[in-house]
Amino acid sequence: RIFVQEMRMLARLRHPCIVTVMGAAVSSRKEPLIVMEYMENRSLRDLLQNDTLPLDEVWLGILQDVAQGLRFLHRCPGGPVIH
């Protein structure tokens, strides 16, 4: 029940620096499942683990996006999102 409430709240969030939650469900084995928007340029994890990409050229942009997303979560209408 708490999972469903949290997913409903997350699904309402809209910000360019936060991946959109499209939906959620609980599997037949009682495992929570989250459906998130497709990220065309792969995940942040993939980017950080890519040894061929010089991170010193992109890290500042990544940190700025993360900070903007966190600021949005902390100032959300209806109260801050605890993360």
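A salt bridge is a side-chain nitrogen of Lys or Arg within 4 Å of a carboxyl oxygen of Asp or Glu. This is a predicted model, in which local features need pLDDT of at least 70 and side-chain atom pairs count only at pLDDT 80 or more, while totals for chains, interfaces and linings use all residues. Residues are numbered from 1 along each chain as its sequence is written, and side-chain values use heavy atoms, with hydrogens and water left out.

**View 1. Salt bridge between R29 and E31.** The structure holds 1 salt bridge. The side chains of R29 and E31 form it, at 3.4 Å from N to O. R29 is exposed, at 64% relative accessibility. E31 is partly exposed, at 36%. Here buried means under 20% relative accessible area, exposed over 50%, and partly exposed in between (1.4 Å probe, protein chains only).

**View 2. Positive phi at K30.** Phi of K30 is near 65 degrees. Most residues other than glycine have a negative phi. K30 sits in the loop between β1 (21-26) and β2. Strands (E, at least two residues) and helices (H or I, at least four) are DSSP runs, numbered from the N terminus. K30 is exposed, with 69% relative accessibility.

**View 3. V21 and I34 on two strands.** V21 lies in strand β1; I34 lies in strand β2 (residues 32-36). V21 is buried, at 7% relative accessible area, whereas I34 is partly exposed, at 44%.

**View 4. Nonpolar surface patch.** V19, I34, M36 and M39 make up the patch, with about 340 Å² of accessible area together. Patch residues have over 30% relative accessible area and no salt bridge; nonpolar side chains (Val, Leu, Ile, Met, Phe, Trp, Tyr) are joined within 5 Å, like charges within 9 Å. Areas come from the Shrake-Rupley method with a 1.4 Å probe, and for residues only the protein chains shown count as cover.

**View 5. The largest pocket.** Its volume is about 780 Å³. Of the 26 lining residues, C17, I18, V19, M39 and L44 are closest to the centre. Elements giving two or more residues to the lining are α1 (2-12), β2, α2 (44-48) and α3 (59-74). The largest share, 7 residues, comes from α3. A pocket is an open set of points on a 1 Å grid over the protein atoms alone, where a 1.4 Å probe fits, with protein on both sides within 12 Å along at least five of seven lines; lining residues have an atom within 4 Å of a point.

Methods:
Points joined across faces, edges and corners; volume = space filled by probe spheres on them.
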